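Work through the exercises below with the structure open beside you. Try each task before you read its solution.

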Amino acid sequence: MTKTALITGITGQDGSYLAELLLHKEYLVHGMLRRSSTFSTSRIDHLYRDRHEESRLRLHYGDLTDGQALTNLVLAVQPDEIYNLGAQSHVRVSYDQPVYTLQTIGVGTLNVLEAARQLMRSKPVRVYQASSSEMFGKVLETPQTERTPFNPQSPYACAKAYGHFQTVNYRRGYDLFASNGILFNHESERRGETFVTRKITRAAGRIKVGLQKKLFLGNLDAKRDWGYAREYVEGMWRMLQHHEPDDFVMATGRTASVRDFCRLVFEQLDLDYEEFIEIDPNYFRPAEVDVLLGDATKAKEVLGWEATTTLEELARIMTAHDYDLALREAHAKRFDAD
Ligand code: NAP
Ligand code: G4F
């Protein structure tokens, strides 16, 4: 029987890959998107262009902070699975907008859980909550597993910890099938351009073709466990197919610094990153998460999920994509000048 899914955050990096995956699995996919004065669907437009997929992808306006409208949407759509990926997801921005960040992530998650609780009265529903390795913050053990205590140190991480614990609370208190995916950083050619990996690959491509001279970054010594987003959405889906709800870490098990990532990317283009990078203290954070390293043994043993794309491959994929984009930008610029 055709399954129905509702994705919040469908216009984001993960939402777009998850929509693709679920459509491929013959789901009817509903996505909630925010009204914006410009189009925000560039990551999912290709799904609409494919006429076959179009018939199974439906978009609805909504906002995680509007609980009543969200409940109305959930009751109208009657999803078998809800993937809550919507969020103000930028850690640095969460220092500038702490209340809004809490509203979208903390209250937003509560709104999703409440809507699911209403739906549960008439049909079973499963909820995936996008938790984050950022919750480990100033880490209390390495590597981090599902049993590592959280020690959040950004408004974003505090909000995610709230959403995480409410998800556990609804599972225990109301018997809701609700699972947390504690995902470590995952990147791709669809990553937002203000996250560090994409900022680096975009700049390297533009520098190579002469459109940019310098790249301004913050802390080059921070270390992250970086995987490929395409693979991580498969893990989200597997969590909701498991016979019971639970919490799972998803990570590669390898950590590398921002500096390492710069080196890998610039090397792809035969450039020396040290010639182009300047430190701008504006990009430092009031409190930094120095190093994250995940242990995804449980996801491998229970769900059969593991990350397979190496950091080198990830850097290659993103650099090739953004070099091509820069070439097209340069070409368009020359064309405009003619
Ligand atoms: P992303 O690219 O920033 O996408 C976020 C999505 O949330 C966008 O579709 C955005 O819509 C939507 N959104 C923002 N505020 C909203 C609101 N008030 N109501 C409804 N939707 C709203 O993030 P991502 O990388 O795909 O991450 C997906 C989720 O996983 C997020 O919850 C993030 O915090 C979490 N996470 C990500 C990572 C990672 O490394 N990528 C790791 C751990 C956890 P617009 O397009 O309109 O902005
Ligand atoms: O790419 P980032 O902004 O990602 P961050 O802060 O790790 O958060 C991402 O991963 C989390 C999972 O752990 C998600 F929950 C969250 O939603 C998001 O997807 O920064 C990575 C590192 C940081 O240590 C930062 O200080 O890169 C450092 N960095 C250095 N220069 C920079 C820059 N980060 C950004 N965004 N921009 C810079 O210029």
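Helices (H or I, at least four residues) and strands (E, at least two) are DSSP runs, numbered from the N terminus. This is a predicted model, in which local features need pLDDT of at least 70, side-chain atom pairs count only at pLDDT 80 or more, and totals for chains, interfaces and linings use all residues. Residues are numbered from 1 along each chain as its sequence is written, chains are lettered from A and ligands numbered from 1 in the order in which they are written, and side-chain values use heavy atoms, with hydrogens and water left out.

**Exercise 1. Describe the shell around ligand 1.**

Step 1: count the neighbours. A residue is near if one of its heavy atoms lies within 4 Å. Ligand 1 has 25 such residues around it. Among the closest are Thr11, Asp14 and Arg34.

Step 2: sort them. Nonpolar means Ala, Val, Leu, Ile, Met, Phe, Trp, Tyr, Cys and Pro; charged means Asp, Glu, Lys and Arg; the others, Gly among them, are polar. The shell of ligand 1 holds nine nonpolar, eleven polar and five charged residues.

Step 3: find the main contributor. Strand β5 gives the most to this shell, with three residues.

Step 4: look for polar contacts (pairs of N or O atoms within 3.5 Å). In the side chain of lysine 160, an N or O atom is 2.9 Å from an oxygen atom of ligand 1. The protein covers 89% of the 900 Å² of accessible area that ligand 1 has on its own (Shrake-Rupley method, 1.4 Å probe).

**Exercise 2. Trace the open sheet of seven strands.**

Step 1: write the order. It runs β3-β2-β1-β4-β5-β6-β11, with parallel pairing. Two strands pair if DSSP finds at least two bridges between them.

Step 2: explain the edges. β3 (57-61) and β11 (247-250) each have a single partner strand, so one side of each lacks a neighbour in the sheet.

Step 3: zoom in on one pair. Strand β2 (residues 28-33) joins β3 over five bridges. Valine 29 stands opposite leucine 57 in β3.

Conventions
Polar contact = N/O pair within 3.5 Å; in protein donor to acceptor, adjacent residues only side chain to side chain.
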